[in-house]
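Please consult the sequence and the model shown here while reading.

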Amino acid sequence: MAADDSTPTRFEDIDWTDVEPSGRLDLSPKALGMLVSTTLLAVLFLYDYFVVPKNNDTFEAIGWAYQVTQLDYFFALTLLAIFFFTVVPLFENPHLTRYYWDRFKQNRPAMLSLGFLLATFFIGMVGPLVLSKPELSLFAKYQPPVYTSVPKSAVIECTGRVSDGMCHGTWQYPFGTTGGGKDILNIIVYGMQVSMKVGLMSAFIVTVIGSLVGTVAAYSGGLVDEFLMRYVDIQQTFPSFLLFLLLTYQFGGSLLLFIAIFGFFSWGNTARYVRSNALQKTEEEYIKSAKATGGSTWLIIRRHLVPNTASSIITDLSLLIPSFILFEAAFAFLGFGADVPSWGRTIAAGRADLSFAWWISTIPGVFLFVTILAFNYLGDALLDALNPQADTESES
Amino acid sequence: MWAVVVTFIIVSLTWALLRFTPDRDIIQAGQAAAQAGQNATAEQERLRELRGLNEPLWVQYGSYMENVFTLDWGFSESRSQPVTEAVWTSLYYTVQYSVPWTILTLFFGTAAGLYSTAHQYSWKDNLMTFLAFFGFSIPNFWFGIILLLVFGVVLGWVPITYQTDVGVFTWANVKQLILPVFVLVTGSVGGIQRVARNESAEYLNTDFVKTARAKGANSQRILTRHILRPASVPMSTTYVGTLLALFTGSSVLVETVFSIPGLGRLLLQGLTSQDTPLVLGTSFVFIFLTIIGNLLQDIVYTLLDPRIDYGDR
Amino acid sequence: MSTNEPLLSVRDLTTTFTTDEGTLTAVDGLDFDIHEGETVCIVGESGSGKTVASESITRILSMPPAHIDGEVRFRGQDVGALSDGALRDLRGGEIGHIFQNPQDALNHCYSVGWQIVEAIQFHDDVSKAEARERAIELLDRVGIPEATARFDDYPHEFSGGMKQRVMIAMALAPEPDLLIADEPTTALDVTIQSQILDLLEDIQEEFGMSILFITHDLGVVAEVADRVLVMYAGKLMEEGDVYTIFKEPAHPYTQALMECLPGRGESTKGIQGSLPDPTNPPDGCRFADRCPHAVEDCKKGEQPTLYDTGTADHRVSCVYYGPGYDESRILDAELSTGGAAGNGGTERTGGMNDD
């Protein structure tokens with residue numbers, strides 16, 4: 001359909017030569033930023049690994065008691081990747097961003113979802129730095145959420161007002177506490193971080209491996225292609241829940257391992273998308289002309305192929321991420337979870353007390369539900385916004 | 001043919017996974033022996049000998065494969081019964097809720113999808129979309145717990161615990177299965193609805209639908225005959241995939257929540273009591289079900305689309 | 001033409017679609033009649049709105065929802081006022097449709113027999129066996145060899161031409177009074193094309209139907225049409241008897257079309273430029289931008305009304321035929337650039353004389 005000539009109106013139309021560094025010597029600010037930030041991260045990692053004694057806090061030197069884990073490094077890398085490959089390109093292409101935004105804005109549930117997810121992301125990032133880790137405190141067990149009450153017999157010490165044998169909730173524990181006296185608000189906030197880590201980091205791995213395998217398969221063709229795609233077939237035949245369960249059984253469950261398992265065994269669809277897109281695009285004129293003018297295969301892949309497949313990948317990811325979060329919660333619920341304050345674990349923990357302390361399972365459940373719902377709505381809206389063909393096709 | 005190859009490869013991979021990762025039993029036996037003041041390495045060695053782990057790899061692999069396909073799946077320590085027997089018993093309970101689950105999901109999912117297609121982009125479609133998203137966003141296990149609390153504990157309409165001694169076709173059984181089936185259907189019907197909607201919407205603008213309209217067909221007939229039939233070809237593929245993907249996870253979680261002694265719980269029991277033969281046995285059942293599902297999908301495909309010959313595949 | 005009431009009468013037919021880019025007007029105020037037993041051709045390049053116009057008659061346009069305005073009367077009955085059920089009876093029952101692409105027009109999941117039987121049973125209360133018998137007769141009639149054996153075959157087992165024959169059989173099944181044929185031969189090989197055209201002509205005679213024939217191929221027009229409507233950008237440009245249109249094309253657009261015919265004129269250069277944006281049509285005559293004779297007045301106001309040219313039943317929407325202009329100016333111009341407009345040089349156009 002008629003597209004405005006002056007501004008690219010799709011991801012597909014961006015001239016990624018502007019976005020990518022064009023050579024080794026003249027680095028764009030973005031490439032420089034990327035280089036500097038990853039180097040800093042690497043230096044910090046090496047410093048932590050070689051200089052700082054094993055069980056000491058990473059930032060002891062500046063008096064900040066924070067032990068940076070492998071998971072944190074990886075998460076930082078993921079966030080950098082998201083920043084440089086999603087946020088920066090959008091910022092550099094204001095017209096395009098505007099166009100997407102206008103399309104996206106019309107979808108109200110998706111706007112709400114985006115708001116909720118951004119809030120979850122930022123609270124999940126900042127919250128744990130401010131709030132203390134949820135701790136056992138038996139005297140504070142079964143405190144009801146604010147504005148609700150529980151029979152006095154259920155609690156040991158009621159932090160709030162007691163009337164008619166009922167203990168009332170207070171703002172000290174707005175969401176109440178668990179049977180172990182953990183503050184549910186803290187659990188929710190920490191759980192946000194866990195969920196975001198699981199979702200985003202697994203998605204990062206999926207994107208990297210999926211794009212790699214997809215392009216390699218498409219460009220090698222022949223046996224390599226056949227082998228890789230057959231492998232994808234098999235991987236996708238294997239029931240993923242069972243696979244995750246067996247792997248956790250064999251290797252035990254840490255959050256990093258969960259993320260690795262989800263990431264390493266879920267890239268099948270992404271690879272398929274990239275491959276079919278690659279095969280299709282190589283037939284198209286601009287790739288042919290890029291080849292004719294002597295562009296190297298690698299350059300073509302980087303400048304045309306990966307961005308061209310971006311919308312399929314993003315849509316696929318927006319459905320994968322909630323499933324990762326759900327898987328993590330389910331595993332935690334079953335008792336295979338990592339030792340982190342997660343929503344799933346709290347749901348499982350509160351199960352036995354549901355008859356009188358309804359909030360323990362319910363509140364994290366609601367958060368889990370809304371997060372996943374928001375991702376689904378967002379994914380649906382992205383599908384609509386990124387694929388204008390989908391609705392123009394039906395007009396012809 | 002491909003299905004046979006896949007089965008073979010997956011079963012082999014499962015073997016490799018368990019064979020080349022440290023065996024917890026042996027490590028534990030070693031630790032136990034060390035605590036008891038015995039020689040840990042000797043004890044571990046004895047156990048390896050006993051399990052045939054000292055034989056050449058291909059011999060181990062050969063006997064493993066033979067056992068798998070002759071249904072000699074070993075003895076479950078935690079259940080004190082042969083694994084196949086345990087699997088059979090629990091399959092009985094799993095089938096009782098999976099069959100109605102599958103049927104209801106396919107029926108309601110397709111119906112809702114076609115309804116959405118018929119009312120594309122109207123509030124009815126949006127409502128269906130919301131219900132679909134609601135369904136697959138709500139965590140199965142949590143939803144089950146809440147429903148059990150409301151209808152079992154508070155209202156007392158359904159039993160809280162699962163009774164194994166009631167007949168399959170009794171009212172009591174219906175009552176205790178109604179919630180698990182409901183939870184499972186809510187979880188899967190949305191996925192089916194989306195697929196049905198998207199696939200059938202693709203056919204809404206085809207020439208043959210226009211032909212049907214020009215012939216004087218009403219919209220209901222167009223949907224159920226002229227759109228559903230061709231759409232069912234791609235739909236069947238995604239249906240099988242969606243249901244199979246949900247099957248393992250859902251059965252484990254829902255059986256846990258509703259304390260149904262089915263396959264999912266058996267798998268879980270195997271995992272928690274580190275009963276490797278049991279874990280393997282139940283995994284095989286899930287794997288075989290998946291492969292049979294995929295095979296079935298290929299057959300359905302050829303049945304639904306007259307353009308595909310059996311010979312083509 | 002005959003003075004009695006037309007079989008189909010279309011007045012001010014306007015079909016619009018709502019799109020992201022705005023309101024798209026595909027057909028804009030179309031007027032025409034079809035009489036009993038007559039073959040009317042709508043000619044125009046792709047995108048001129050001829051297909052939309054034909055599908056607006058029985059309202060079979062698919063998504064996105066089209067907005068259809070104006071009046072369509074079939075045997076004096078207002079089609080727009082019909083109930084859903086009555087409209088469905090009209091579709092197929094009294095107005096049959098065949099489409100451009102026989103490859104996709106048949107449902108690949110059902111046997112051709114099934115699809116014809118379905119069409120029969122929508123409109124006639126007959127048993128399955130009777131419907132089957134009639135379907136086989138029809139298949140035989142439209143020239144499917146071994147019709148009985150092929151009844152249960154699926155569309156993919158037929159060639160393109162055979163599929164189009166099946167489509168014709170299906171459209172004929174409930175014995176309609178009007179057959180709308182939307183480019184029925186475009187997707188077919190040339191040899192098959194003429195077979196299908198012959199078949200349509202035979203059938204028209206046998207069943208006494210009227211045909212509304214949509215095409216962009218003037219050769220086909222010459223072969224089948226009694227009367228011709230020339231459409232451009234949703235507007236009717238010219239209408240008239242097939243002889244008149246070929247002998248004395250009055251509108252510059254029609255003249256340009258004629259020039260594109262092989263053997264006519266010196267060049268096969270085609271018409272310069274492209275169709276105007278249907279969401280934002282220009283003022284005045286839609287063709288003005290591409291018209292070699294355009295003057296100031298052409299780009300003002302509305303599309304000119306249909307002026308009589310002086311020849312019977314020949315009307316044209318061009319300012320040169322209106323008051324204050326001398327139409328000979330463009331006719332002369334046509335003669336000077338295009339050569340003998342009236343002498344009809346090709347074999348195909350020769351074919352029209354057989355009518």
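## The interface of chain C and chain B

How much area do chain C and chain B bury between them? In this predicted model, the buried area is about 2,500 Å², and carbon and sulfur atoms account for 59% of it. The contact involves 29 residues of chain C and 23 residues of chain B.

Three salt bridges are counted between chain C and chain B. C:Glu118 forms a salt bridge with B:Arg221, with 2.5 Å between the closest N and O atoms. On the side of chain C that touches chain B, at least two residues each come from α2 (84–93), β6 (95–98), α3 (102–105), α4 (112–123) and α7 (160–172) of chain C. The largest share, six residues, belongs to α4(C). By type, this side of chain C divides into 15 nonpolar, nine polar and five charged residues.

## The two domains of chain A

Chain A is divided into domain 1 (66–134 + 188–210 + 249–269 + 308–395) and domain 2 (138–182). In their contact, domain 1 of chain A takes part with 11 residues and domain 2 of chain A with 13 residues. The C-alpha centres of the two domains lie 32 Å apart.

Between these domains of chain A, about 870 Å² is buried, 80% of it given by carbon and sulfur atoms. Helix α14 (residues 359–386) of chain A gives the most to the side of domain 1 that touches domain 2, with four residues. That side of domain 1 consists of nine nonpolar residues, one polar and one charged.

Conventions
Residues numbered from 1 in each chain as written. Chains lettered and ligands numbered in written order. Predicted model: local features only at pLDDT ≥ 70, side-chain atom pairs only at ≥ 80, totals over all residues. Heavy atoms only, no water. Domains from an automatic or database assignment. Contact = heavy atoms within 4.5 Å. Buried area = accessible area lost by both parts, 1.4 Å probe. Nonpolar A, V, L, I, M, F, W, Y, C, P; charged D, E, K, R; others polar. Salt bridge = Lys/Arg side-chain N within 4 Å of Asp/Glu carboxyl O.
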